[in-house]
Amino acid sequence: MPDNTPAAEKRIPSFDLTRQNALLHDELISVISEVIEKGHFILGENVAALEEEIARLCGVRFAIGVANCSDALYLALLACGIGPGDEVITTPFTFFATGGAIARAGARPVFCDIDPVTYNIDPHRIEPLITERTKAILPVHLYGQPADMDPIIAIAEEHDLYVIEDAAQAIGATYKGRPVGSLGDVACISFFPTKNLGAFGDGGMVVTDDPDIADRVRILRVHGARKKYHSEIVGCNSRLDEIQAAVLRLKLQHLSTWTEKRRRIAKLYMELLESSPLFRSRNLRLPEEAPGTFHVYHQFTIALADRERLRAHLDENGIGSAVYYPVPLHLQGAFSALGYKFGDFPEAERASKEVLSLPMFPELTDDEVYRVAEAIREFK
Ligand SMILES: Cc1ncc(COP(=O)(O)O)c(C=O)c1O
């Protein structure tokens, strides 16, 4: 049955893939059919081609397709030789996978509070956390905005640490003209369906300019075997499949257009919200693109103390929103043994109570952005 609800009354979802899929429908069916006809499903020519394309996009020589970004992080850590007894400094304000990967590698996550404006790790707070066990710094480019990498890289060089980028949310973003993925020793990308470049299932990639790290990840993803059935080291099964790679290669052709659309939507949100009473009264904080960064707006995230009431108000007005993330990692039950407590990272704790991500995807219409902004302007 056709949906005859007037556009002005339709619910605005926080995220909607069906619009993009409808636009690409015939091409998607065609690339998926090709894979089915060829009958080769795990790794293969689409994965190899995608690896080359993503390496080029990130400005590095090597890319290795894996099952998801959680595994990409885990395998990148293992490839850097990080394991039991080691410490890795990271942000507590991220998706669980970032800290989870460190723990899975057998190392200890050491959390460092965030910059309250960008929500990324605050480089000024890193150095006091370094011990003789520290092996790496793992910044996350949260919401699509690169972390402030130059000071992080300088600290890492001084203390001989690896820099591992969690670029799950930031494909296509740049920092001082350099693409994310090329900023540290190794970086990890997610192709989870809702990401800026999303597959039709799970998928991820490790990118690096270091041939040794690349070589190790390449064998770690296939049970440590360079030659089939001959494992040199203990790895796991973490491979990207041909259907995902075919879908991703097709979508990659549109990524820069979609990024521009996200940026245009962000600009419109900014224009409309900067003049709102809530912003003028300083109760509402809007995202800020740090100088020298090219933000890809995986999320458009605002913040206010009265978040839950605003969220309910948006919901009553038919507008979806989301909270990324409501519980910082140092307060997750899974990390209770690390001994952190409430109050340890005030900025991350405040962000987890105040952030709210508004609808953001390339196919969001201007009318929908106006409706979201109008609902926020009316909020009292
Ligand atoms: C910051 C961050 N790191 C890691 C991941 C893990 O990615 P995946 O879902 O591909 O395992 C995500 C995905 O949500 C993420 O947002």
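Of the 380 residues of the chain, 46% count as buried. A residue is buried if 20 or more other C-beta atoms lie within 10 Å of its own, exposed if 12 or fewer, and partly exposed in between, with C-beta atoms placed from the backbone. This is a predicted model: local features need pLDDT of at least 70, side-chain atom pairs count only at pLDDT 80 or more, and totals for chains, interfaces and linings use all residues. Residues are numbered from 1 along each chain as its sequence is written.

**Overall fold**

- The chain holds 12 helices and 14 strands. Helices (H or I, at least four residues) and strands (E, at least two) are DSSP runs, numbered from the N terminus.
- A compact globule of 380 residues would have a radius of gyration near 21 Å, and the chain agrees, with 21 Å. The radius is taken over C-alpha atoms, and the globule rule is 2.2 Å times the number of residues to the power 0.38.
- Along the principal axes, the C-alpha atoms fill a box of roughly 65 × 55 × 35 Å.
- Among contacts between residues at least 6 apart in sequence, 70% join residues at least 24 apart. Two residues are in contact if their C-beta atoms, placed from the backbone, lie within 7 Å.

**The sheet**

- An open sheet of 7 strands runs in the order β1-β9-β8-β5-β4-β2-β3, with mixed pairing. Two strands pair if DSSP finds at least two bridges between them.
- β1 (62–66) and β3 (108–111) stand at the edges with a single partner strand each, so one side of each has no neighbour in the sheet.
- From one strand to the next, the twist averages 25°.
- Helix α2 (residues 45–58) packs on the sheet and touches β1, β8 (186–190) and β9 (204–208). The direction of α2 makes about 130° with that of β1. Axes are lines fitted to C-alpha atoms, for helices over the stretch in contact, and angles run from 0 to 180 degrees between N-to-C directions.
- Strands β2 (residues 87–90) and β4 (residues 134–138) run parallel, joined by 4 bridges. T90 has L138 in β4 as its bridge partner.
- β4 also pairs with β5 in the parallel sense, over 2 bridges. Here I137 stands opposite V163 in β5.

**Buried elements**

- Strand β5 (residues 162–166) is largely enclosed by the rest of the structure, because 5 of its 5 residues are buried.
- Both faces of β5 are covered. Y162, I164 and D166 are buried on one side, V163 and E165 on the other.
- Helix α7 (residues 242–252) is mostly covered, with 8 of its 11 residues buried. Among them are E242, Q244 and K251.
- The cover over the buried residues of α7 includes α1 (18–38), α2, β1 and α8 (255–274).

**Ligand surroundings**

- The ligand is surrounded by 15 residues, and the closest are N68, C69, S70, A168 and S190. A residue is near a molecule if its C-beta atom, placed from the backbone, lies within 6 Å of it.
- α3 (69–79) and α4 (96–104) each supply at least two residues of this shell.
- The shell divides into 6 nonpolar, 7 polar and 2 charged residues. Ala, Val, Leu, Ile, Met, Phe, Trp, Tyr, Cys and Pro count as nonpolar, Asp, Glu, Lys and Arg as charged, and the others, Gly among them, as polar.

**Loop residues**

- G320 is in the loop between α10 (307–316) and α11 (346–354). G320 counts as partly exposed, with 17 C-beta neighbours inside 10 Å.
- Leaving aside neighbours within four places in sequence, G320 is in contact with R11, I12, P13, S14 and P359.
- P362 sits in the loop between β14 (355–358) and α12 (366–378). P362 is buried, with 20 other C-beta atoms within 10 Å.
- Not counting residues up to four places away in sequence, P362 touches Q20, W258, K261 and R262.

**Backbone geometry**

- The peptide bond from Y324 to Y325 is cis, with omega near 10°. Y325 is in the loop between α10 and α11.
- L43, in the loop between α1 and α2, has a positive phi near 50° and is not a glycine.
- R282 also has a positive phi, of about 70°, without being a glycine. R282 lies in the loop between α9 (277–280) and β12 (293–294). With 8 C-beta neighbours inside 10 Å, R282 counts as exposed.
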